[in-house]
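Subject: Structure handover

Hello,

Here is the structure I promised to pass on. Please open it alongside this email.

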Amino acid sequence: MSHEVVFQTLGTASGKLIGVATLNVEKALNALNLNMVRLLAKQLAAWKQDEQIACVILDGSGDKAFCAGGDVRALYQAQQANPGSYTQEARVFFEEEYRLDFQLHTFGKPVLVWGDGIVMGGGLGLMIGASHRILTERSRIAMPEVTIGLYPDVGGSYFLGRMPGKTGLFLGLTAYNMNAADARYTGIGNHFLASTDKERMLDAMATVNWGNNTSLNQQKLHDLLNELETQSEERPGSSRLKGHQAQIDELMTGDMAEILAKMQALETQESWLQRARDTMLSGSPLSWALAYEQSRLGTNMSLADCFRFELGLSFNCCAIGDFCEGVRALLIDKDRNPNWRYGKGKIAPQEAVSALLESPFEHEHPLADL
């Protein structure tokens, strides 16, 4: 089990060390389970306190994915044994996952995520918390929770609303797969290198004159990555999201019923937009409602408040939402035919949405100390 995440340190010419954490469940596209979350959190805490560690790198084994999301099968099994109830498994997994994400956002020392290949759901939660987020020509990034009856969690309440226009809502409703240019445009990534540049990057990082000032170390890594990017033979290409921003904003304007009507009536020759439309329309109406509520939060909530808000939502989605049925259809039985509580292509009743939005925590919030 301990080999699900592999830890090592790399020496540098400055005498400082670089900590490297590699997600190591290649067959599962490095999807996060609870053990992996705990291993990462423990090692990151140790590296943060270690004065010899100047920088941390997170990457994934294999060439297909950094991390395809959370391994939620255990949550499904727990809910099957306790239908309609709040399980300890859901609370523990989501609480510890969100604590790990918050830990990355507030780490201080430079954290670099090698976002090559698939980066989805929980993987995006890891990536968006890093200070230096590398995209490659193979990056495929999405928040696909609408397909499993969840919503864009792992901090989506914070970062989706800070994207251009109504892009965040579009991503949450449609599970659109971003390429590197899209992810750069939305702010998910802030550097681009070719997938073949990884060893060159590691070699260059070993020559940096790392010191004890974390702000200076952040800038040194930023400058180095910018230099490597100018030398790279690959370029990120063009962003469909940027090129179609006005259309996306128009489609996503109005209440949820208006947005649904627009998407149902949408006729387009653009295959990417067809897929986005079809994915949304086959997704959970409760997921639409929660993504829409997220989009109304604005940018006033702190990061910690966003994680506290999401923990309640995720807990409720497991117990009284569409999450378990979505997981069954996509990952367990794999029939891809979920029986959503309120049907397909229909707006969920407001009382059902309100129930999901209500905090399930009667006393002190589990994330009160963030």
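Predicted model: local features only at pLDDT ≥ 70, side-chain atom pairs only at ≥ 80, totals over all residues.

**The domain**

An unreviewed UniProt entry annotates residues 18-356 as "domain: Enoyl-CoA hydratase/isomerase".

**Two residues to look at**

Start with G19. This glycine sits in strand β2, which runs over residues 17-23. Is G19 buried or exposed? G19 is buried, because its relative accessible area is 0% and the cut-off for buried is under 20%. Beyond residues up to four places away in sequence, G19 touches Q8, T9, W47, I53, C55, V56 and I57. Q247 is another matter: 228 residues separate G19 and Q247 along the chain, and their C-alpha atoms are 43 Å apart.

Now H365. Find this histidine in the segment after α17 (350-357). H365 has a relative accessibility of 19%. H365 therefore counts as buried, since buried means under 20%. The H365 side chain reaches the backbone nitrogen of L367 at 2.9 Å. Neighbours within four places in sequence aside, H365 is in contact with R308 and L311.

**The largest pocket**

The largest pocket holds about 1,100 Å³ of space. Its lining has 47 residues, and M120, P144, T147, I148 and L330 are the closest to the centre. Which elements supply at least two lining residues each? They are α3 (88-105), β6 (118-120), β8 (140-142), α13 (271-282) and α16 (323-332). The largest share comes from α13, with 5 residues. By class, the lining of the largest pocket has 25 nonpolar, 11 polar and 11 charged residues.

**The second largest pocket**

The second largest pocket holds about 240 Å³. It is lined by 16 residues, with G161, G165, K166, L169 and S295 nearest the centre. Two or more lining residues come from each of α5 (156-159), α6 (167-174) and α14 (285-295). Helix α14 gives the largest share, 4 residues. By class, the lining of the second largest pocket has 6 nonpolar residues, 9 polar and 1 charged.

Over to you.

Best wishes

Key: Residues numbered from 1 in each chain as written. Heavy atoms only, no water. UniProt positions renumbered as here; feature names shortened; annotations may be inferred. Buried < 20%, exposed > 50% of the residue type's maximum accessible area, 1.4 Å probe, protein only. Contact = heavy atoms within 4.5 Å. Polar contact = N/O pair within 3.5 Å; in protein donor to acceptor, adjacent residues only side chain to side chain. 1 Å grid on protein atoms, 1.4 Å probe; cavity = no way out; pocket = protein on both sides within 12 Å on 5 of 7 lines; lining within 4 Å. Points joined across faces, edges and corners; volume = space filled by probe spheres on them. Nonpolar A, V, L, I, M, F, W, Y, C, P; charged D, E, K, R; others polar.
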